[in-house]
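Take a walk through this structure, one group of side chains at a time. Keep the sequence beside you as you read.

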Amino acid sequence: MKTRRNSRMTMLITIVSVILLASACDDGRIYEETYTPGMEGRVMKLTGIVNGQDTWPKGYSLVMAGFEEGSNYALITKSLPVPDVGTGRVEAVMSGIGSEVTSVELCVVNRLRERVVSFVSRDCAAGAGDTIMVDAGEVNVGMFNAIQRQVFDKSCTACHGLATSDAASLNLLEGKSYDALLNVPSTVLDGKMRVEAGNAEESTLYLILGTTLSTDWGVDHSQMLTSAELVSLVEDWIDNGAEK
Ligand code: HEC
């Protein structure tokens, strides 16, 4: 009995420390100097023009991050400074990148430092030099753009946009998707919108991805997104106002 209680305590402590650790790098502060676990390691220098950073709600952080191959959990992260007002220009440095890091990215992570979406990624196998220069170019890191790229472009446009006729008359191609979703009455579910800003539970877009509602439609949408983070991304986007 005693050992079981002990192991439960250990687990609790582990969970609490993971949460503390995760929130420690999510405090929104801008560090003048780099966030470093140690002085050793490589350095990532990021430059670019970044738009849409402020569309992410609490719980998500836009960061520079280092990952080990095969893992979605960042080994090291650093919050991106607020871009220059007007130009959107960003210059940032992250140091202390250990040898186990095989890619550095500009990405959004959740509270557990798990990658939700990656905007820019560079391979950096150990030995590639001490400084990893990353020019991100001009990049839209907005939440809706993340959904467009990670969800619609990858899993939906074959039927909604690229086919000769759009399924449910819904076009999810870039540039068309937002207007086809926001406050547009559903053609399938009476009384609901495709996306009702602020209310995922009443939006067909979320309902068919996050629940089994569409199983008898011939096309079961609940099986389309293999990652729960992407379903949460859609839900959080709608609940936080469904901005572009
Ligand atoms: C294999 C084809 C196919 C794919 C892929 C597909 N859909 Fe659909 N979708 C359909 C069909 C068919 C309907 C209409 C079902 C009906 O009318 O009963 C539909 C309906 C919908 C609706 C309801 C529209 C409304 O007016 O309420 C939404 C929202 C939707 N799909 C979103 C998506 C999203 C998001 C994806 C990608 C994750 C996706 N679909 C992928 C075929 C597809």
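Start at the surface. Glu68, Glu69, Glu100 and Asp123 gather there in a patch of negative charge. Keep in mind that the model is predicted. One of the four patch residues is Glu69. Glu69 sits in the loop that runs between strand 2 (61-67) and strand 3 (76-79). Its relative accessibility is 70%, so Glu69 counts as exposed. The cut-off for that word is over 50%.

Now turn to the aromatic rings. A pair of such rings is described by two things, the distance of the centres and the angle of the planes. The structure holds five aromatic pairs. Take Phe144 and Phe152. Their ring centres are 6.2 Å apart and their planes stand at 65°, so this pair is edge-to-face.

Phe144 has another partner. With Tyr178 it forms an edge-to-face aromatic pair, at 5.2 Å centre to centre and 80° between the planes. This pair links distant parts of the chain. Phe144 belongs to helix 2 (residues 143-156), while Tyr178 belongs to helix 3 (residues 177-181). The two residues are 34 residues apart. Tyr178 is buried, as is Phe144. Now widen the view. Phe144, Phe152, Tyr178 and Trp237 form one aromatic cluster.

Next come the salt bridges. How many are there? The count comes to two salt bridges.

Glu105 forms a salt bridge with Arg115, and the closest N and O atoms are 3.0 Å apart. Glu105 lies in strand 5 (residues 103-109) and Arg115 in strand 6 (residues 115-123), so the pair ties together parts that are 10 residues apart in sequence. Why does Glu105 count as buried? Its relative accessibility is 4%, so Glu105 counts as buried. Buried means under 20%.

Lys192 and Glu202 also meet through their side chains in a salt bridge, at 3.2 Å from N to O. Both Lys192 and Glu202 lie in the loop between helix 3 and helix 4 (204-210), so the pair ties together parts that are 10 residues apart in sequence. Lys192 has 24% relative accessibility, so it counts as partly exposed. Glu202 has 31% relative accessibility, so Glu202 counts as partly exposed too.

Look back over the stops. The negative patch lies on the surface. Phe144 and Tyr178 are buried. Glu105 is buried as well.

How values were computed:
Residues numbered from 1 in each chain as written. Heavy atoms only, no water. Patch = residues over 30% accessible without salt bridge, like charges linked within 9 Å, V, L, I, M, F, W, Y side chains within 5 Å. Areas by Shrake-Rupley, 256 points an atom, 1.4 Å probe, with all protein chains shown as cover. Lys, Arg positive; Asp, Glu negative; His and termini not counted. Charge placed at Lys NZ, Arg CZ, Asp CG, Glu CD. Helix = DSSP H or I, 4+ residues; strand = E, 2+ residues; numbered from the N terminus. Buried < 20%, exposed > 50% of the residue type's maximum accessible area, 1.4 Å probe, protein only. Phe/Tyr/Trp six-rings, centres within 6.5 Å; stacked < 30°, edge-to-face > 60°.
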